Amino acid sequence: MSSTPTPGARAVNQTGSGDPTSPVLLHVPHAGTEIPAWTRRHIVLDDAELAAEVAALTDHRTDEIAAAAADRAAVRPWMLVNPVSRFVVDPERFPDEREEMAAAGMPAVYTRGTRGQPIRADDPAHRDALLAAFYEPWGKAVRAAVDARLAATGHAVLLDVHSYPSAPLPYELHADGERPAVCLGTDPAHTPAWLVAAALEVFAPLGTVGLNSPFAGTYVPLAHYGSDERVLSLMVELRRDLYLTEPDGPATAAFPQVVAALAELVNRCTRR
């Protein structure tokens with residue numbers, strides 16, 4: 001890998017092309033594990049410590065789940081995957097004090113790890129380089145993908161695909177909340193009742209399905225947030241023990257059921 005910053009290099013991976021008639025975008029921001037060499041030098045953890053953090057916090061196999069669901073859907077959705085580890089940049093978080101997780105040292109560029117331990121110095125120049133190389137290209141790519149769906153179909157449905165561990169990690173701010181098999185994160189302006197109802201129904205065979213606990217909200221590009229009612233969004237948080245051996249082991253027997261449920265949600269969003 002390059003030893004110097006290369007803005008936008010592998011910041012976004014567009015996985016195939018969706019059907020021109022599909023309004024659905026599968027958004028997978030936390031499946032990546034790549035840590036470019038020029039960013040690794042700023043992380044103070046040794047290799048074993050960093051590997052443990054990546055194992056604990058990566059949304060393992062969510063890219064595989066989304067890709068398999070896209071293949072299975074009646075009308076193929078569009079899909080964006082972040083190949084870069086969230087320990088480089090977390091593209092879903094605000095880069096400043098607006099971010100709730102800044103209180104834990106985990107805004108867009110983390111300075112603390114899952115146990116509150118320091119992982120990199122608070123270096124403004126390096127932070128700005130990371131944001132330019134990874135955060136900004138991701139935001140532009142998602143906005144462009146949403147705008148393309150709006151132009152083609154008149155609306156866009158962003159399904160924000162994540163996973164979370166069965167047991168709380170120390171960094172979590174709302175660790176005392178329920179931890180259902182599937183947590184649905186919603187936004188009052190961008191998540192309509194029909195979308196919640198559809199998700200509750202398709203995921204019900206997997207086990208308990210809850211709303212906004214232990215994680216709440218869903219991703220909407222800032223250019224559309226609160227201002228464009230044509231952009232719909234729902235976060236799908238899959239509890240990891242549902243579909244793999246934690247923290248990052250083999251898939252369980254339920255993996256195909258998870259894929260089928262997400263594919264059915266895509267189908268319902270497409271037909272709407």
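Leaving aside neighbours within four places in sequence, which residues is Trp194 in contact with? They are Leu232, Arg268, Cys269 and Arg272, where contact means heavy atoms within 4.5 Å.

## Before you start

This is a predicted model, in which local features need pLDDT of at least 70, side-chain atom pairs count only at pLDDT 80 or more, and totals for chains, interfaces and linings use all residues. Residues are numbered from 1 along each chain as its sequence is written, and side-chain values use heavy atoms, with hydrogens and water left out.

## Around Trp194

Trp194 belongs to helix α5 (residues 193–203). Helices (H or I, at least four residues) and strands (E, at least two) are DSSP runs, numbered from the N terminus. One of the contacts of Trp194 is Arg272; the two are 78 residues apart along the chain, and their C-alpha atoms are separated by 9.2 Å.

## The sheet

Now look for an open sheet of seven strands, with mixed pairing and the order β1-β3-β2-β4-β7-β5-β6. Strands β1 and β6 (209–211) stand at the edges with a single partner strand each, so one side of each has no neighbour in the sheet. Two strands pair if DSSP finds at least two bridges between them.

Helix α3 (residues 62–72) packs on this sheet, where it touches β2, β3, β4 and β7, and its direction makes about 165° with that of β2. Helix α6 (residues 255–271) lies across β2, β4 and β7 and runs at about 160° to β4. For these angles, axes are lines fitted to C-alpha atoms, for helices over the stretch in contact, and values run from 0 to 180 degrees between N-to-C directions.

## A closer look at β3

Strand β3 pairs with β1 (residues 13–14) in the antiparallel sense over two bridges, and with β2 (residues 24–28) in the parallel sense over four bridges. Leu80 in β3 stands opposite Gln14 and is also the bridge partner of His27.

In a regular strand the side chains alternate between the two faces of the sheet. In β3 (residues 78–81), Trp78 and Leu80 point one way and Met79 and Val81 the other way, and all are buried (under 20% relative accessible area; exposed is over 50%, partly exposed in between, with a 1.4 Å probe and protein chains only).

## Two loop residues

Thr58 lies in the loop between α2 (47–57) and α3. Is Thr58 buried or exposed? Thr58 is buried, with a relative accessible area of 1%. Leaving aside neighbours within four places in sequence, Thr58 is in contact with His30, Ala31, Gly32, Thr33, Ser163 and Arg240.

Thr208 is found in the loop between α5 and β6. With neighbours within four places in sequence left aside, Thr208 is in contact with Pro180, Ala181 and Val182. The C-alpha atoms of Thr208 and Phe87, 121 residues apart along the chain, are separated by 30 Å.
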